Amino acid sequence: MELRAYIVRRLLLLIPVLFGISLLIFGITMLFSPIERASLYVSDPKQLRDLASIIQTYGLDQPFWSQYGTWLGQVFQGNLGWSKVVSMPVWNAIWNFLPATLELAIFAAPVIIFSGIFLGTKAAAQKDKPLDHATRVGAIIGWSLPNFWLGLILLMVFYGALSGLLPPGRLSIGMDAVVNSAEFARYTHINTLDAILNWRWDVFLDALRHLILPVITLSVTNVAFIMRLMRSSMLESLGKGYVLTARAKGLDEKTVVNKHARRNALIPVITISGYLFAALAGGAVITETIFNYKGIGWWAWQSASRLDIPSVLGFALFSAVLFVLVNLIVDILYTRVDPRVRLGGGIQ
Amino acid sequence: MTDFKFMMRQLVRNPLSLAGLIIIAIFVIIAIFAPLIAPPPEGHLDPYMIPREGYSPIPQPPSAGHIFGTTEGQYDIFYGVIWGTRSAFQVGLIVIGITLIVGIILGSLAGYFGGAVDEVIMRITDVFLAFPSLILAMAITAALGPSLRSVMIALTLVSWPSYARLIRGDILQVREEDYVEASRGIGASSLRVITRHVLPNAIYPTLIMASLDIGAVVLSAAALSFLGLGSPEGYADWGQMTQFARNWIVGPSGEPLKYWYAVTIPGLFILFFVLGWNLLGDAFRDILDPRLARR
């Protein structure tokens with residue numbers, strides 16, 4: 001099958017999933033009574049007397065499918081409701097907080113992926129030796145660690161005990177003033193990138209300093225996953241004929257591992273890395289919450305803890321759609337990386 | 001049952017899984033004997049509510065009366081972590097139990113009947129799996145109203161699809177076996193074929209792996225409680241106790257680690273509980289994976 005046909009087929013397959021996602025989100029809003037949903041339109045307590053007319057106006061007592069249709073129409077126009085927490089439309093809030101989350105993902109993902117690949121390769125090359133056992137125990141501890149607790153402990157040590165060395169937040173107060181001043185051009189709202197474009201190394205270093213602990217927190221709990229996957233993929237690859245051939249040719253072990261075995265072992269890791277990035281960009285709720293790092297995850301927590309349901313659901317809808325789309329892109333790129341992927345079906 | 005003996009021998013021989021077994025055994029003992037280890041004070045109505053001594057927001061360090069100290073709001077940390085063990089087992093067992101029942105029913109329907117039934121059930125799992133699980137769980141919990149019950153409902157809703165898929169896969173493998181064909185041939189009903197022939201041969205490995213996911217469930221539940229979406233204030237719950245410590249991670253100047261106990265102790269209980277199950281899970285994965293066994 002042609003690549004184009006494959007992409008079209010995948011896009012068509014996306015429709016039922018997106019339909020299901022929207023139905024699930026809308027279904028959750030329908031858990032609330034018309035009166036509860038009508039009160040979301042109220043900003044002044046005096047208007048509470050008019051709830052009945054609000055229900056009438058917005059058709060909140062209509063049958064499920066008719067309300068779903070209205071709602072979906074609004075969503076397609078970019079209207080996801082009003083976010084009480086930040087006093088702006090949910091859609092604007094998402095765009096407002098997304099750059100911070102992207103910045104975190106851009107820094108965390110490479111750290112996680114490359115250290116995972118590195119450690120996984122080492123562990124496989126030294127199977128059943130001390131290093132392999134050490135990484136295995138490390139991985140089990142890594143995915144048993146409550147990330148919210150790890151974050152707090154890191155703050156206790158690097159912010160508390162080391163007198164403010166690595167603070168929470170996105171920028172120090174002074175630097176925040178610089179970033180928001182007129183002479184600092186905000187091209188992307190990704191602080192480190194804007195700092196480079198404005199040639200402000202002090203801002204860059206300050207932003208970096210605030211990123212270290214969140215990146216560590218995300219890494220410790222996620223590296224384990226990539227590492228174990230890389231290890232098993234490597235072990236499979238090392239057992240293949242071409243590795244035997246390479247060894248028989250008399251190549252040294254380093255070349256065999258790095259050139260022949262690893263390249264083939266990387267393929268499943270690339271896919272998972274795509275998912276990882278999608279998950280990070282969709283909001284690292286807990287990490288952002290602990291470090292008071294104001295990205296969409298932080299905003300989602302603020303909304304959830306104040307029961308601002310439209311914001312929470314808007315956020316969930318956004319991250320699911322993002323997740324699905326990124327997965328699609330990864331799958332399409334995948335066909336470029338691995339010629340063995342038959343475009344018509346699954347992986348052989 | 002020789003399989004069972006074989007598995008137990010493997011588990012005890014491997015130092016990692018042995019450590020896991022010991023950790024879980026300790027937690028089971030703590031949960032069973034909670035009323036003896038941390039007896040509720042006289043006239044205390046609900047033993048799961050941590051007794052408090054006063055309302056001062058400042059955590060108090062370990063002392064004779066409170067061997068692990070107190071949190072903000074003067075909840076006794078020792079009492080909280082001991083009874084929190086019971087809450088953890090409750091949440092873990094209930095969520096995994098219901099998840100498995102739903103997963104087995106839907107997974108075996110999809111796998112056994114195939115066709116339209118399969119298609120519909122699998123598309124539903126696609127939808128649930130399209131969400132990052134913690135985000136969906138957070139949205140559901142917030143919508144249902146924060147409570148431990150909402151947390152359990154949310155975690156069940158986000159975790160059944162992966163089990164349904166695993167069980168469907170297992171059943172697809174077994175479905176074509178001769179003994180299933182034979183049973184169908186002598187006119188057994190679908191229900192009988194599924195429950196007597198397909199399920200017993202298909203799902204034991206999945207069941208074992210699933211039951212070891214208790215650790216992961218408890219970790220997610222603790223995260224939701226930490227975000228303030230779980231148990232009511234003062235309930236013996238590790239996640240909430242960590243949340244209590246959030247404002248106290250940095251002490252006054254000169255004593256930055258003054259309140260270390262408030263954050264460290266509840267977190268260590270979560271860590272070891274989850275670690276115990278994951279250590280066992282890791283060993284089981286090796287035992288159950290025939291590809292690894294041959295290698």
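## The cavity

On a 1 Å grid over the protein atoms alone, a cavity is a set of points where a 1.4 Å probe fits but cannot get out. Grid points are joined across faces, edges and corners, and a volume is the space filled by probe spheres set on the points. By this rule there is one cavity of 30 Å³ or more. This is a predicted model, where local features need pLDDT of at least 70, side-chain atom pairs count only at pLDDT 80 or more, and totals for chains, interfaces and linings use all residues. Residues are numbered from 1 along each chain as its sequence is written, chains are lettered from A and ligands numbered from 1 in the order in which they are written, and side-chain values use heavy atoms, with hydrogens and water left out.

The largest cavity holds about 110 Å³. Its lining has 13 residues, and Ala88(B), Val218(B), Ala221(B), Asp237(B) and Trp238(B) are the closest to its centre. Lining residues have an atom within 4 Å of a point. Helices are DSSP runs (H or I, at least four residues), numbered from the N terminus. By class, the lining has eight nonpolar, four polar and one charged. Here Ala, Val, Leu, Ile, Met, Phe, Trp, Tyr, Cys and Pro count as nonpolar, Asp, Glu, Lys and Arg as charged, and the others, Gly among them, as polar.

## Two domains in chain A

Chain A splits into domain 1 (2–83) and domain 2 (88–337). These bounds come from an automatic or database domain assignment. The domain centres, taken over C-alpha atoms, are 32 Å apart. Domain 1 of chain A puts 22 residues into the contact and domain 2 of chain A puts in 23. Contact means heavy atoms within 4.5 Å.

The two domains of chain A bury about 1900 Å² between them, and carbon and sulfur atoms give 79% of it. Buried area is the accessible area (1.4 Å probe) that two parts lose on being put together, summed over both. One salt bridge is counted between these domains. A salt bridge is a side-chain nitrogen of Lys or Arg within 4 Å of a carboxyl oxygen of Asp or Glu. Arg10(A) pairs with Asp331(A) in a salt bridge, with the closest N and O atoms 2.8 Å apart.

## The second largest pocket

A pocket is an open set of points with protein on both sides within 12 Å along at least five of seven lines. The second largest pocket has about 1100 Å³ of space. It has 36 lining residues, and Arg37(A), Leu40(A), Tyr41(A), Gly81(A) and Pro310(A) lie nearest its centre. H4(A) gives the largest share of this lining, six residues. The lining has 19 nonpolar, 13 polar and four charged residues.

Where does this pocket lie? Domain 1 (2–83) and domain 2 (88–337) of chain A both give residues to the lining, so the second largest pocket lies between them.

## Chain B meets chain A

The contact takes 46 residues from chain B and 48 from chain A. Together the chains bury about 4100 Å², 80% of it on carbon and sulfur atoms. Two salt bridges are found across this interface. Arg228(A) forms a salt bridge with Asp282(B), and their closest N and O atoms are 3.7 Å apart.

## Salt bridges overall

Over all chains the count is 14 salt bridges. One of them joins the side chains of Asp132(A) and Arg231(A), at 2.8 Å from N to O. Asp132(A) sits in helix H6 (residues 130–144) of chain A and Arg231(A) in helix H10 (residues 201–238) of chain A, so the pair ties together parts 99 residues apart in sequence.

Methods:
Helices (H or I, at least four residues) and strands (E, at least two) are DSSP runs, numbered from the N terminus.
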